[in-house]
Amino acid sequence: ERLGYQGIKLELPVDGLSGRTFLDMYREYIAALSARIGKILPLAIMTSDDTDARTRELIAEKDIQGCQVEIIKQDKVVALSDGDARIALDGKYKIATKPHGHGDVHSLMRSSGLARQWLDDYGLEYLFFFQDTNALVLHTVLPSLGVAQKRDFSMNSVCVPRRAGEAAGAIAKLVKKDEPPLVINVEYNQLDPLLKAGNGQGDINDPKSGFSPFPGNANVLVMKLKDYVQTIEGKDRGVVDEFVNPKYADETKTKFKKPTRLECMMQDYPILLRREVPSAKVGFTTFDRWIAFSPAKNDLVTARKLSAAGEPPSAAASTEFDVYKAHAIKALLYDKEDASYQTLGGISGLYAGPRLIFGPFFALTVSDLRTKISQPHKCHLDPNTALYLDGSNIKIDSITLKGDAAAIIINTRNDASLLIKDLVLEADEGLIFKDIPDDELSNAKPSDSIRGYITVNKPTLTINIDRPGTFLLTGTGQLSELEPDL
């Protein structure tokens, strides 16, 4: 509802260059990680009545390999129409229902037996929880796991810097007399009054950093699996505490704008953990926002308003360009001093540099990138150019892309290697974005209308290595096979 897209989010394209959906992006990452460690890793997707059938269809269409997918479905709960908790109706004779919230994932991991199976049969040590449309989340998997292991955290929350008053949950340490401290997410509308009651000041920015001392919760969690299984198989059986958050029609707070429901949040897990494993450590790891957090959650109208106010739009369009930017920064191909921004679909502040996508088989880590692109000073990419690389056996020595040139280069073979050297491409069309007039948005493809623009992808060069060998890509796109070293 909030995104303005009627399909399931996993089928949305992340970007116009690679054409990957969110599901593609997640499964490719897990497959690449599985290949790196020599063990096929599982992925559990929590669905609802609204998303279950289409999610299953999408998984069947994708013929997913290198990643074992499990589906766990949550039930809906009764919707409430007012402050007296009257049951809301859908029509005259049908009770209205709504999803219960992502906190159900813990009880479902217990009732499905997956958590216990992954611990006992798969020999896994940690779980990584994330939500479906934060396209930058995969950059945080290995670093946050490393911190959890080094610090012996039973739960590690991924966080981003947060300004005081920002409408985002924050990680805080709650202290109560005669009880152990509790490190947990506190919703922004509760944080300020809580702090005012304690220190009289409320949530204020630190003068040195310009941010609140309470980092923003990205709703990405790393769990130590042994403690997790003990907790969800304990007294609470993985059921986290519920709350209600109605949207009121007016200041009297007696009528709801629309029916609400009891809901629960997965980040409230520390309450259960403290009951079952009192000695467990709970911590957080803060990442810069550009590398960790860019959710596609707002519709186009909301995104336009937020960008005009200088706030992150958190929409499909901003997510796409934040992905391009993150890859450019990681590859040392982003010049902060010369950075420029653009307006597309009425959303301002979108990254306007080279559009880069590196598939996980090409570079799973920053260290991989330094090996594959060892001389970034020999890579010259004009702002409107685009480059998509995927496959483990590709290296770049030098490349120049001019104008609107776009290159898609793929080598998924383990028995072939490709070196890109002195490649120079120039074109006046490649990856082009065109605004959709407002009066035509309703007729546009749904995945385009939520962005406010259409993407025209006409690669200047497409290379897909389809046979064994050692290859050189050079000149204006000439591919030659080299003699093997004797």
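I394 sits in strand β20, which spans residues 394–396. The model is predicted. I394 has a relative accessible area of 0%, so it falls under the 20% limit and is buried.

**Around I394**
- Beyond its neighbours within four places in sequence, I394 is in contact with F362, K372, I409, I410, N411, L418 and I420.
- A308 is 86 residues from I394 in sequence. In space, the two lie 41 Å apart, C-alpha to C-alpha.

**Helices α1 and α2**
- Helix α1 covers residues 22–37, and helix α2 covers residues 52–62.
- The two pack at an angle of about 60°, and their axes are 11 Å apart.
- That angle makes α1 oblique to α2.
- The crossing of α1 and α2 is right-handed.
- From α1, L23, D24 and R27 meet L58, I59 and K62 of α2.
- Three residues of this contact are nonpolar, three are charged and none is polar.

**Nonpolar cores**
- The largest nonpolar core holds 117 residues. F22, M109, Y228, L387, I399, I409 and I420 touch the most other members.
- Helix α1 gives the most to this core, with eight residues.
- Another core, of eight residues, lies apart from the largest one. Among its members are A170, A172, L191 and I271.
- Leaving aside neighbours within four places in sequence, M109 is in contact with A44, I72, L114, A115, W118, L127, Y228 and I232.

Technical notes: Residues are numbered from 1 along each chain as its sequence is written. This is a predicted model: local features need pLDDT of at least 70, side-chain atom pairs count only at pLDDT 80 or more; totals for chains, interfaces and linings use all residues. Side-chain values use heavy atoms; hydrogens and water are left out. Helices (H or I, at least four residues) and strands (E, at least two) are DSSP runs, numbered from the N terminus. Buried means under 20% relative accessible area, exposed over 50%, partly exposed in between (1.4 Å probe, protein chains only). Contact means heavy atoms within 4.5 Å. Axes are lines fitted to C-alpha atoms, for helices over the stretch in contact, and angles run from 0 to 180 degrees between N-to-C directions. Angles under 35 degrees count as roughly parallel, over 145 as roughly antiparallel, 65 to 115 as roughly perpendicular and the rest as oblique. A crossing is left-handed if the near helix is turned anticlockwise from the far one by less than a right angle, and right-handed if clockwise. Ala, Val, Leu, Ile, Met, Phe, Trp, Tyr, Cys and Pro count as nonpolar, Asp, Glu, Lys and Arg as charged, and the others, Gly among them, as polar. A nonpolar core is a set of buried Ala, Val, Leu, Ile, Met, Phe, Trp, Tyr and Cys residues joined through side-chain atoms within 4.5 Å.
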